[in-house]
Amino acid sequence: MDRKKYLDKIISEFEDWWVNDPHSSNMDYYKDMITHSHLTSLTKKEFIDFFYGFVSDGGLVQSGGERAKNEFRKTISKDFDNFKLFVLKPFNGQFTLKDWFNQIENYPNFGVGIATIFLNRIDYNKYPIMNNKTLNALNKLGYKISSTKNWTNYELVKKYQDNLISDYPVLENYYKADALNHFLVAEFGQELILDYQQIEIFENGLEQNDIEHRTENELDKEELLNKIIDCENDNSEEITIKGKTYKRHNYLMVQIKKYRDYKCQFCSKKIPKSNGDYYIEACHIKAKSRGGKDRLDNILILCPNCHKLFDFNDRVDEKMKNDTYSVILNGKKYKTSLK
Ligand SMILES: [Zn+2]
């Protein structure tokens with residue numbers, strides 16, 4: 001599906017949400033408080049109270065957490081001078097973001113989430129926010145990023161949000177770009193993404209049907225395997241079959257379905273259609289958004305029931321050994337060859 005069309009729709013829905021969400025009115029909430037002159041004018045008690053409040057309120061961006069805030073008060077009271085020096089550093093011209101980022105861990109309960117919110121509250125045109133929501137939402141948007149809140153991912157968040165802001169200037173800055181993440185992980189945004197994923201699955205299904213009818217059915221297993229390997233090693237996005245262009249991904253899925261004889265790799269079921277074809281689904285073991293590849297050993301051919309069982313359950317004791325994949329889903333063990 002056209003990614004641009006999908007994002008256009010999401011951003012326009014987000015714009016409607018933004019107007020009524022507290023995020024918009026809170027954008028400049030700390031404008032006069034988080035400044036060098038204000039913070040340095042505070043007494044020790046006021047300083048501690050301010051940061052205790054900031055952590056309790058999650059900087060009005062994330063939830064605070066009762067236990068974390070009390071632990072945090074102990075941290076700053078005990079290590080006051082260092083903590084004060086640390087939070088004033090970003091106001092200093094000599095400030096190095098990477099070094100500062102790597103020092104966050106020295107202050108328990110002032111985690112990467114709240115620390116990057118603090119930076120963002122200093123200057124939302126300069127510093128992105130990175131918490132679990134950020135990483136989760138970017139992932140949902142199809143960006144390749146893991147769930148670790150480390151420096152590498154912070155640079156990636158910046159890069160991805162720079163792209164988004166340049167494509168959609170209504171996002172304005174990293175604060176508003178982060179609000180988009182909140183929108184996406186909330187119920188309405190989730191539904192919106194699911195709708196679009198369904199459209200994409202539907203469109204891929206249609207294309208795969210078409211490919212099935214344009215490719216030979218009589219190939220034996222070895223010939224199919226050769227085609228799969230050729231296709232895995234091909235880096236192009238598209239492939240032309242008898243004058244018509246298709247996504248290479250869809251072509252590969254069709255070849256793998258044929259290679260697996262349209263049979264569910266978990267329960268062995270085949271679903272016949274009245275026209276003599278069979279219906280079956282393909283899914284990635286390691287999701288593409290997590291760096292998973294379009295390869296025979298990362299694809300499972302599953303019936304719709306097993307596919308949903310696989311999607312909606314925690315994968316317990318997942319193993320990949322000598323081309324055999326095994327996993328426990330909802331208390332039952334499933335095992336299949338990926339050769
Ligand atoms: Zn099945």
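Asp261 is partly exposed in this predicted model, with 13 other C-beta atoms within 10 Å. Because a residue counts as buried at 20 or more such neighbours and as exposed at 12 or fewer, the count of 13 for Asp261 falls in the partly exposed class. Asp261 is placed in the loop between helix H14 and strand S3 (271-272). The backbone there adopts a phi near 60°, a positive value in a residue other than glycine. Most residues other than glycine have a negative phi.

A positive phi in a non-glycine residue is also found at Glu172, where the angle is near 60°. Glu172 belongs to the loop between helix H10 (151-167) and helix H11. With 14 other C-beta atoms within 10 Å, Glu172 is classed as partly exposed.

Helix H14 (residues 248-259) packs against helix H12 (residues 187-214), their axes coming within 9 Å and crossing at roughly 60°. The two helices are therefore oblique to each other, since angles from 65 to 115 degrees would be needed for a roughly perpendicular arrangement. The crossing of H12 and H14 is right-handed. On the H12 side, the contact involves Asn204, Glu207, Gln208, Ile211 and Glu212, which meet Asn250, Tyr251, Met253 and Val254 of H14. By class, this contact between H12 and H14 comprises 4 nonpolar, 3 polar and 2 charged residues.

Helix H11 (residues 174-185) pairs with helix H9 (residues 132-140). The axes of H9 and H11 approach within 9 Å and cross at roughly 70°, which makes H9 roughly perpendicular to H11. From H9, the contact draws on Lys133, Thr134, Asn136, Ala137 and Lys140, while H11 contributes Asp178, Asn181, His182, Leu184 and Val185. The residues in the contact of H9 with H11 divide into 3 nonpolar, 4 polar and 3 charged.

At the level of the whole chain, the domain assignment gives domain 1 (3-188) and domain 2 (199-337). The centres of domain 1 and domain 2, taken over C-alpha atoms, are separated by 40 Å.

How values were computed: Residues numbered from 1 in each chain as written. Predicted model: local features only at pLDDT ≥ 70, side-chain atom pairs only at ≥ 80, totals over all residues. Axes fitted to C-alpha atoms, helices over the stretch in contact; angles between N-to-C directions. Helix = DSSP H or I, 4+ residues; strand = E, 2+ residues; numbered from the N terminus. Parallel < 35°, antiparallel > 145°, perpendicular 65-115°, else oblique. Left-handed = near helix turned anticlockwise from the far one by under 90°. Contact = placed C-beta atoms within 7 Å. Nonpolar A, V, L, I, M, F, W, Y, C, P; charged D, E, K, R; others polar. Domains from an automatic or database assignment.
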